[in-house]
Amino acid sequence: MITAVDLYHVLTAVVPLYVAMTLAYGSVRWWRIFTPDQCSGINRFVALFAVPLLSFHFISTNNPFAMNLRFLAADTLQKLAVLAILAFSSSRLSPLRRLLNLDWSITLFSLSTLPNTLVMGIPLLRGMYNGAAAAAGSGSSTDAGALMVQVVVLQCIIWYTLMLFLFEYRAARALVMDQFPGGAAASIVSFRVDSDVVSLADAAKGELEADAHVADDGRVRVVVRKSTSSRSEAACSHSHSHSLSMQMQQQPRVSNLSGVEIYSLQSSRNPTPRGSSFNHAEFFNIVKGADEEKGGAGAGGHSPQAAPKRKDLHMFVWSSSASPVSERAAGGAAVHVFGAGAEHGDVLAKGTQAYDEYGHDEFSRTKNGNSAEKGGPTLSKLGSNSTAQLYPKDDGEGRPAAMPPASVMTRLILIMVWRKLIRNPNTYSSLIGVVWSLVSYRWGIEMPAIIARSISILSDAGLGMAMFSLGLFMALQPRIIACGNKLAAFAMAVRFLMGPAVMAAASIAVGLRGVLLHIAIVQAALPQGIVPFVFAKEYNVHPDILSTAVIFGMLIALPITLVYYILLGL
């Protein structure tokens with residue numbers, strides 16, 4: 001039976017986190033203490049130092065030889081079960097196939113299985129089940145805090161890597177379908193990616209180009225590199241940094257980190273540039289010339305850079321960009337003239353007037369998410385706002401368009417995932433933490449005090465700074481519910497009902513009982529994890545839904561988890 005003292009311990013552990021978040025929110029919205037530039041600096045500090053060292057601290061102090069394998073099996077089974085359900089629902093055998101595309105599969109997997117375990121889960125579960133001994137399958141016992149650390153290890157090493165794989169797979173498919181229409185993609189035998197290309201998501205922003213080389217035997221070898229315009233911007237960014245800094249007081253929300261304007265998440269949903277001196281006729285001449293080159297080579301041409309770049313303020317979690325709080329140091333979301341998988345010729349045939357229709361109001365979609373023009377590009381019926389729909393076009397006889405061999409695509413995706421991981425500080429902090437814990441608990445070696453104190457002085461501030469950074473992010477958004485009330489309600493139901501329900505079934509299936517079962521269900525009802533939102537924003541896969549799940553979910557998480565805690569304790 002849950003007593004008032006138990007509830008007090010829970011509030012003692014969690015309320016300070018909300019205090020830090022509220023102070024940050026008020027510092028921007030109410031008291032105007034921090035500017036967006038200063039928020040960017042705080043977020044960068046948290047991304048580079050506070051959160052990685054916090055992860056290292058928890059992981060390195062966890063005994064890997066006393067891990068609760070049954071609890072981890074339940075967590076793994078939950079995620080595999082959700083993946084299996086989503087895979088079947090999007091297969092040709094399912095009637096939901098046209099509704100549940102790859103974008104929605106990724107989003108639903110994030111919402112239902114990836115909670116905020118590191119920042120919110122460890123203090124909350126410790127407050128609820130502090131010191132509770134639970135028998136594991138191997139006969140060992142552990143407390144709730146140690147169990148959450150074990151879940152964090154799997155999240156960082158396995159599940160976030162899987163998320164990266166899915167996002168890069170989606171970006172690779174979009175790139176191939178856009179650059180190599182028809183059956184040309186089936187002849188691709190290799191991809192070579194220049195060393196300065198970190199993510200295929202840059203293709204949707206117009207920052208990548210794919211050059212195809214056709215051999216005498218008809219096989220195609222593709223080189224993916226930065227576009228000419230992107231390289232020019234990167235080369236000029238340093239020379240213009242002084243002049244940009246002189247204009248900071250004249251331009252709205254200019255970032256001293258990236259030299260570009262910062263816009264909120266909501267404003268980034270409309271990819272049309274504001275106040276742009278864009279020459280429509282010149283643009284179509286350029287695109288038409290690119291199409292002619294593509295037709296002559298038998299493969300994809302360059303994606304023109306249509307407009308000035310825009311930036312969005314990210315969460316504190318590191319991304320592959322030069323700054324963790326902006327999409328790219330050299331570029332942001334460009335005007336997606338060929339949105340929803342439209343061919344270049346489709347847009348050209350409609351002339352300059354069609355550009356305005358495609359470039360404004362999210363390509364002139366109707367309220368239900370479909371194209372406003374009959375016969376136009378078909379969008380997901382669930383209203384996906386991603387840059388490309390991933391249903392392969394057919395060849396006119398109902399067969400899907402050809403794609404490169406699976407081995408070629410897999411190698412391309414693995415290369416990009418590896419490049420993303422080696423640029424992520426959390427990758428190093430997690431792996432080094434696991435290695436040190438193995439060495440420390442195997443041979444009883446203690447970390448030298450001078451090193452331990454150097455780490456703890458920053459890691460001790462990790463939780464508070466993480467919540468403070470979340471509060472800054474909330475304050476800079478125009479709306480807490482960015483995706484609309486209906487989608488927000490749907491996302492909250494997936495997060496707080498579907499996730500715990502699948503976890504309960506998986507836990508019972510592997511034999512969890514008692515306190516362990518309670519911990520498993522409550523941790524599945526934590527608010528949305530922040531790393532999936534960062535990925536969703538970078539790859540433009542329902543970022544408004546994930547933003548709402550992070551912000552609004554954090555606000556309602558405490559009462560919801562308390563309800564679970566009380567009901568399970570009856």
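Predicted model: local features only at pLDDT ≥ 70, side-chain atom pairs only at ≥ 80, totals over all residues.
Residues are numbered from 1 along each chain as its sequence is written, and side-chain values use heavy atoms, with hydrogens and water left out.

So what order do the strands of the open sheet take? There are 3 strands, in the order S3-S5-S4, and the pairing is mixed. Strand S3 (188–193) and strand S4 (208–214) are the edge strands, each pairing on one side only. Two strands pair, by the way, if DSSP finds at least two bridges between them. From one strand to the next, the twist averages 20°, with axes as lines fitted to C-alpha atoms and angles running from 0 to 180 degrees between N-to-C directions.

Now look at S5, residues 220–226, which runs parallel to S3 and is joined to it by 5 bridges. Here Phe191 stands opposite Val222, and Arg192 stands opposite Val223. In a regular strand, side chains alternate between the two faces of the sheet. On the S4 side, 7 bridges make the link to S5, and these two strands run antiparallel. Their hairpin has 5 residues between the strands, and Gly218 takes a positive phi near 90° there.

Is S5 mostly covered or mostly open? Mostly covered: 6 of its 7 residues are buried, where buried means under 20% relative accessible area, exposed over 50%, and partly exposed in between, with a 1.4 Å probe and protein chains only.

Let's finish at the loop between helix H1 (4–29) and helix H2 (36–60), where Arg32 sits. Arg32 is exposed, with a relative accessible area of 65%. Leaving aside neighbours within four places in sequence, Arg32 is in contact (heavy atoms within 4.5 Å) with Gly26 and Ser27. The loop between H1 and H2 also holds Ile33, which counts as partly exposed at 48% relative accessibility.

Thanks, and I'm happy to take questions!

Conventions:
Helix = DSSP H or I, 4+ residues; strand = E, 2+ residues; numbered from the N terminus.
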